[in-house]
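Q: I would like a close look at one part of this model, with the criteria behind each term spelled out. Please keep to what can be computed from the coordinates.

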Amino acid sequence: MSTHPYFTEFDACRICPRKCGVNRNQGRRGTCGLDARLAVASIVRHRGEEPPVSGPNGIANVFFMHCNLQCAYCQNFQISSTTCSTDGFIFTVEQACDEIARLLDSGCGAVGFVSPSHYIPYVKVIVSEIRHRGYNVPFVYNTNAYDLVEQIRDLEEYIDVWLPDFKYAQTDLGRKLSRVPDYPQVALSALKEMYRQKGNTLIINEHGYAESGIIIRHLVLPGHIDNSLQVLDTIAWELSTGIHISLMSQYNPAFYQGEEISLKRPLNFHEYSEVVEKFHELGFYRGWIQDMDSFGHYNPDFEQEHPFETTK
Ligand code: SF4
């Protein structure tokens, strides 16, 4: 394996639905804001994911720099925004794998890729290298779901657990809050491919980590309960009520960059209850429903060496 792999996919990058066509190998940057280098914010043990994802000893999470979606309320804005002033740490594949291996050696039982959609070629070589080094651990793809279905298909042999969001069932909301014209259609196609690969079953290994399956996350946004109800309807009708859902209440208005009044306040109990009620009404029975007091507890600080430690 070469130290600096050359990915022809970056010559005219179309690896995510933005399809910018820029030459990242020549240093050009598309909407995601990254050239061809492996730019990483942090590789850390993380205990704050869903219980079988974090497992008993945490997951070795690779937080990639920047993002292909650019949500106006992103809690990881320090590393995800194209306007942030840093590209983080530029790693070779070997250095990234060394860091991951160090965490695995110290007890982490899985590897997670966070916001990986603009780094898919790197995800493949990292998975191959970690496996080549003799580690037999699950690999988790933690995505905003703005992914091309063909990329999800190609990742089948690399990814064990899909951890996608389903943010919007309303096209206009995706356009307004994440600057994409087609979030619901694109995300649903990606989710259907993940579901084709994994179905409803979430398999937990003997170490307490999910080793195969799909968990769909949905963050409930204040003032947009209709969107959340439609998200649940869509999953129920287009996928299955047997799928694992992670409903999240942790929206934090402090990160919102915009003018909409309802997004400048936290979610309230009444709004969240309506969504939880719908979850049960539709017949969902697997997954996790975050407590309402989660607000303010899930705010990483990527300027710290251990971004999550002060918030848990
Ligand atoms: S990965 Fe980045 S450069 Fe490539 S198509 Fe997506 S947003 Fe554009």
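How many bridges join β5 to strand β6 (residues 161-164), and do the two run parallel or antiparallel?

A: This is a predicted model, in which local features need pLDDT of at least 70, side-chain atom pairs count only at pLDDT 80 or more, and totals for chains, interfaces and linings use all residues. Residues are numbered from 1 along each chain as its sequence is written.

Four bridges join β5 to strand β6 (residues 161-164), and the two run parallel; strands here are DSSP runs of E with at least two residues, helices are runs of H or I with at least four, both numbered from the N terminus, and two strands pair if DSSP finds at least two bridges between them. Within this pairing, Thr 143 has Pro 164 of β6 as its bridge partner. The chain passes from β5 through helix α5 (residues 149-154) to β6 in a right-handed β-α-β crossover, where right-handed says that, with the strands pointing away from the viewer, the path from the first strand over the helix to the second runs clockwise.

Strand β5 (residues 139-143) is also joined to β4 by four bridges, and these two strands run parallel. Here Asn 142 in β5 stands opposite Val 114.

In soluble globular proteins, nonpolar side chains tend to be buried together. Leaving aside residues up to four places away in sequence, Ile 100 touches Ile 43, Ala 60, Val 62, Val 111 and Ile 130, a contact being a pair of C-beta atoms, placed from the backbone, that lie within 7 Å.

On the β4 side, Ser 115 lies in the loop between β4 (111-114) and α4 (120-132). Ser 115 has a positive phi of about 55° although it is not a glycine, and it counts as buried because it has 23 C-beta neighbours inside 10 Å. Elsewhere, Gln 70 has a phi near 65°, a positive value in a residue other than glycine, and its place is in the loop between β2 (59-64) and α2 (77-80). Gln 70 counts as buried, because it has 23 C-beta neighbours inside 10 Å.

Arg 45, which lies in strand β1 (residues 38-46), counts as partly exposed because it has 19 C-beta neighbours inside 10 Å. Apart from residues up to four places away in sequence, Arg 45 touches Gly 58, Ala 60, Leu 103 and Cys 108.

How values were computed:
Contact = placed C-beta atoms within 7 Å. Buried ≥ 20, exposed ≤ 12 C-beta atoms within 10 Å, placed from the backbone.
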